[in-house]
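The following exercises are to be worked with the sequence and the structure at hand. Each task is followed by a solution in steps.

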Amino acid sequence: MSNSSEFYANFKNQILLSINTCMPCKVLAYNENTRTAKIQPLFMVKEMNRPPEKLSVLEDVPVLKQKYKVNGGATQEYVPALSVGDTVLAVFCQRAIDDAAEGKLVYPGASRLFDVHDAIIVGLL
């Protein structure tokens, strides 16, 4: 492989490694009233010539709730019952969710893309 081909292959890999889509996480704390959790991502990161490191703990991560119509009756919301130690799947939104999480129409800008701070827990693994 030529030097330029190797450079571009490494460059592409570094960009792809910086995009967060989803990852398993361990629940460290859960507040059922606010439906937020404190989680530890279970994937580690490694830089060249350094040992692997844990990602930072994520705080106040929203937990997805569900709304169902049971037996043709009224619609009911179901709040997840997470426990410390559960392994969950967290997805990372394409853009910042700060205002959009409140149901507002927003223009999020491009300062945060696929950032771990825009995580939502979608369920147990």
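Helices and strands are DSSP runs, numbered from the N terminus; a helix has at least four residues and a strand at least two. The model is predicted.

**Exercise 1. Determine which element gives the most residues to the lining of the largest pocket, and describe that lining.**

Step 1. Locate the pocket. Its volume is about 480 Å³. The lining consists of 16 residues, and those closest to the centre are Leu17, Ser18, Met44, Val45 and Lys46.

Step 2. Assign the lining to elements. Helix H1 (3-17), strand E1 (22-31) and strand E3 (44-45) are the elements that give two or more residues. H1 gives the most, with 3 residues.

Step 3. Sort the lining by class. There are 10 nonpolar, 4 polar and 2 charged residues.

**Exercise 2. Describe the second largest pocket by its volume, and state which strand gives the most to its lining.**

Step 1. The space in the second largest pocket comes to about 190 Å³. Among the 13 residues of its lining, Glu59, Asp60, Pro62, His117 and Asp118 are the closest to the centre.

Step 2. Strand E5, residues 58-62, gives the most to this lining, with 5 residues. By class, the lining of the second largest pocket has 7 nonpolar, 1 polar and 5 charged residues.

Step 3. Examine Asp60, which is found in strand E5. Its phi is near 55 degrees, a positive value in a residue other than glycine. Most residues other than glycine have a negative phi. Asp60 has a relative accessible area of 60% and, the cut-off for exposed being over 50%, it is therefore exposed.

**Exercise 3. Give the strand order of the open sheet of 5 strands and identify its edge strands.**

Step 1. The order is E5-E2-E1-E8-E9, and the pairing is antiparallel.

Step 2. E5 and strand E9 (119-124) are the edge strands, since each pairs on one side only. From one strand to the next, the twist averages 50 degrees.

Step 3. Strand E8 (residues 87-92) and E9 run antiparallel and are joined by 5 bridges. In this pairing Leu89 stands opposite Gly123 in E9.

Step 4. Turn to two loops. Arg35 is placed in the loop between E1 and strand E2 (36-41). Phi of Arg35 is positive, near 55 degrees, and Arg35 is partly exposed, with a relative accessible area of 24%. Leu113 is placed in the loop between E8 and E9; at 45% relative accessibility, Leu113 counts as partly exposed. The C-alpha atoms of Leu113 and Ile39 are separated by 20 Å, and the two residues are 74 residues apart along the chain.

**Exercise 4. Describe the hairpin formed by E6 and E7.**

Step 1. Strand E6 (residues 66-69) and strand E7 (residues 75-78) run antiparallel, with 4 bridges joining them. Gln66 stands opposite Tyr78 in E7.

Step 2. The hairpin has 5 residues between its strands. In the turn, Asn71 has a positive phi of about 50 degrees.

**Exercise 5. Classify the ring pairs that Phe7 forms with Tyr8 and with Phe11.**

Step 1. State the criteria. A pair of aromatic rings is described by the distance of the centres and the angle of the planes. Centres must lie within 6.5 Å; planes under 30 degrees apart count as stacked and over 60 as edge-to-face. By this rule there are 3 aromatic pairs.

Step 2. Apply the criteria to Phe7 and Tyr8. The ring centres are 5.1 Å apart and the planes stand at 80 degrees, so this pair is edge-to-face.

Step 3. Apply the criteria to Phe7 and Phe11. The distance is 6.0 Å centre to centre with 10 degrees between the planes, and the pair is stacked. Both residues lie in helix H1, 4 residues apart, about one turn of the helix.

Step 4. Phe7, Tyr8 and Phe11 form one aromatic cluster. Within it, Tyr8 counts as exposed because its relative accessibility is 53%, whereas Phe11, at 46%, counts as partly exposed.

Conventions
Residues are numbered from 1 along each chain as its sequence is written. This is a predicted model: local features need pLDDT of at least 70, side-chain atom pairs count only at pLDDT 80 or more; totals for chains, interfaces and linings use all residues. Side-chain values use heavy atoms; hydrogens and water are left out. On a 1 Å grid over the protein atoms alone, a cavity is a set of points where a 1.4 Å probe fits but cannot get out, and a pocket is an open set with protein on both sides within 12 Å along at least five of seven lines; lining residues have an atom within 4 Å of a point. Grid points are joined across faces, edges and corners, and a volume is the space filled by probe spheres set on the points. Ala, Val, Leu, Ile, Met, Phe, Trp, Tyr, Cys and Pro count as nonpolar, Asp, Glu, Lys and Arg as charged, and the others, Gly among them, as polar. Two strands pair if DSSP finds at least two bridges between them. Axes are lines fitted to C-alpha atoms, for helices over the stretch in contact, and angles run from 0 to 180 degrees between N-to-C directions. Buried means under 20% relative accessible area, exposed over 50%, partly exposed in between (1.4 Å probe, protein chains only).
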